[in-house]
Amino acid sequence: MMPNGSTVGMDLMFEKVWRCLGDEQVGIMGLYGMGGVGKTTLLKKINNEFLKTTHDFDLVIWVVVSKDSNVGKIQKDVGFKLELSWSENVSRDSRASDIFSVLRRKKFVLLLDDIWEAVDLLNIGIPLPDDQNKSKVVFTTRSEDVCGHMEAHKKIRVQCLMREEAWDLFRRKPSIRILKYPS
């Protein structure tokens with residue numbers, strides 16, 4: 001399980017994303033929105049739901065991409081989850097081939113958090129979801145353009161909480177305080 005904060009106001013959004021994960025026409029899904037709106041929290045909730053429910057995926061892989069990330073780091077994170085190990089001098093192409101060899105025989109969910117620019121899934125070794133490969137890729141990004149560059153079949157905008165939901169979160173969360181700044 002991924003540690004997860006409060007999901008106040010996320011229930012409807014979660015249900016929408018979860019339904020899309022069940023849609024065979026949606027292989028790649030982008031969750032986009034400004035920083036701090038809850039994209040990572042939503043992705044963690046999806047990850048945790050897969051861990052506690054029965055589903056027909058062979059494995060669920062979580063990778064934090066971030067702004068400074070690169071193909072090699074993503075490959076190492078995916079490889080770790082697949083129990084692959086490489087020496088430092090193994091080429092990126094060899095790692096991609098190894099990852100592809102394992103994943104092409106699996107039905108997987110790949111959760112990519114915090115993508116800042118398009119990631120070439122095939123370059124990493126990730127088989128693309130299609131009519132034969134019913135795997136799923138879900139990623140978070142701040143940019144709707146990244147969703148287009150990643151060729152997302154479904155783009156879902158994660159928005160700020162509504163006023164009532166924000167107030168509910170404020171009341172529930174003891175770590176949120178109104179600070180008075182000295183004059």
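Is Lys-134 buried, partly exposed or exposed, and at what relative accessibility? Lys-134 is partly exposed, at 26% (buried is under 20% relative accessible area, exposed over 50%, partly exposed in between; 1.4 Å probe, protein chains only). This is a predicted model: local features need pLDDT of at least 70, side-chain atom pairs pLDDT 80 or more, while totals for chains, interfaces and linings use all residues. Residues are numbered from 1 along each chain as its sequence is written, and side-chain values use heavy atoms, without hydrogens and water.

**View 1. Lys-134 and Glu-24 form a salt bridge.** The closest N and O atoms are 3.6 Å apart (cut-off: a side-chain nitrogen of Lys or Arg within 4 Å of a carboxyl oxygen of Asp or Glu). The partners sit 110 residues apart, Lys-134 in the loop between α5 and β4 and Glu-24 in the loop between α1 (11-21) and β1. Helices (H or I, at least four residues) and strands (E, at least two) are DSSP runs, numbered from the N terminus. Glu-24 is exposed, at 56%.

**View 2. Lys-73 pairs with Asp-77 in a salt bridge.** The N to O distance is 2.6 Å. Both residues lie in helix α3, four residues apart, about one turn. Lys-73 is partly exposed at 36%; Asp-77 is partly exposed at 27%.

**View 3. Leu-112 makes contacts beyond its sequence neighbours.** Outside four places in sequence, Leu-112 is in contact (heavy atoms within 4.5 Å) with residues including Leu-43, Val-63, Leu-121 and Phe-139.
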